[in-house]
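Visitor: Could we go through this one together? I would like to talk about its rings.

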Amino acid sequence: MSRPFRFGVSLLTPAPAAEWRATCRRAEELGYDVILVPDHLGMVAPFPALVAAAEATRRPRLGTFVLNAGFWNPALLAREVATTDALTGGRLELGLGTGYVPAEHEAAGLPFGSPRERVDHLRRTVEELDRLLGSTGRPRPARSRVPLLIGANGDRMLRLTAEHADIAAFTGARPGSAPGALEPLTAEELDERVARYRDLAAGRAEPAELNLLLQLVAVTDDPQPVLKPLLERQPQLTLDGALTLPVVLAGPLEDVVARVRAQRERFGFSYLTVLEPYMEAFAPVMERLRDESA
């Protein structure tokens, strides 16, 4: 039995208070289930932004997508998580990852480290958060457990996700040749990553929710102009190849809706996240999928 769909939007643009709250209210009006924020320098500070989002909305969950564990001391992060969950009335979903942009660590005066070191730090962070948030100390989150999302692609990250995460978030991309750049995975490559995760998670008592971050959404009869910037950034792709990427949804409404349903059947992705620039474009897709599920 497939999980019902959930939809999140990752808000990227810093804004004055009134504008930020208006954007959050618009996301709620459009039907998004989760309002998310990233953890990049030059974008919003995650936890105060989520508290402000909670004040402006009533229904959506509120999440980090995803925190760069390399920016955070686990004890200080536990304080932020507990306080934010309490102030948002138990609406927080905590997303964690290793970080992938060396320049941000350099700007912050923090070591970037090797892939192994970053995964090791994330594992320590997850384990410490579990200990600290499960203790009787203060501050306390609103719930006994804040749902944990981990963004993963490599084998060690998938193992950590299988062991600890309530939500397994697939990036649908790999590190590119330039520092901080990402290259999208083909459907066949993503098949292999999801299958690897399922092998690692075979012993779980409860299956995790599977999430995919969509990099581009366009409801259009002519996707070529919309995909032109992607093709310029990824010269190895053809137009037809780009249209088959799991992280790209472009085409007429009925085709896009059918692709979302097919990807849930193929990969198990029931929780989809879109980036802020595509918040409005994805709304009719959400509406159609909810109508079909009613």
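Guide: What follows is a short talk about aromatic rings and the charges over them.

Guide: This is a predicted model, in which local features need pLDDT of at least 70, side-chain atom pairs count only at pLDDT 80 or more, and totals for chains, interfaces and linings use all residues. Residues are numbered from 1 along each chain as its sequence is written, and side-chain values use heavy atoms, with hydrogens and water left out.

Visitor: How many aromatic pairs does the structure hold?

Guide: It holds 6 aromatic pairs, where rings of Phe, Tyr and Trp (its six-membered ring) pair if their centres lie within 6.5 Å, and planes under 30 degrees apart count as stacked, over 60 as edge-to-face and the rest as tilted. One of them is the stacked pair of F5 and F7, with 5.6 Å centre to centre and 20° between the planes.

Visitor: And are F5 and F7 buried or exposed?

Guide: Both F5 and F7 are buried, meaning under 20% relative accessible area, while exposed is over 50% and partly exposed lies in between (1.4 Å probe, protein chains only).

Visitor: What does F7 do with F282?

Guide: F7 and F282 form an edge-to-face pair, 5.5 Å centre to centre with 70° between the planes. F282 is buried as well.

Visitor: New topic: which residue has the charged end of R264 over its ring?

Guide: That is F5, with the charged end of R264 at 3.9 Å from the ring centre; the rule asks for NZ of Lys or CZ of Arg within 6 Å of the ring centre and within 35 degrees of the ring normal. R6 likewise lies over the face of Y271, at 4.4 Å from the ring centre.
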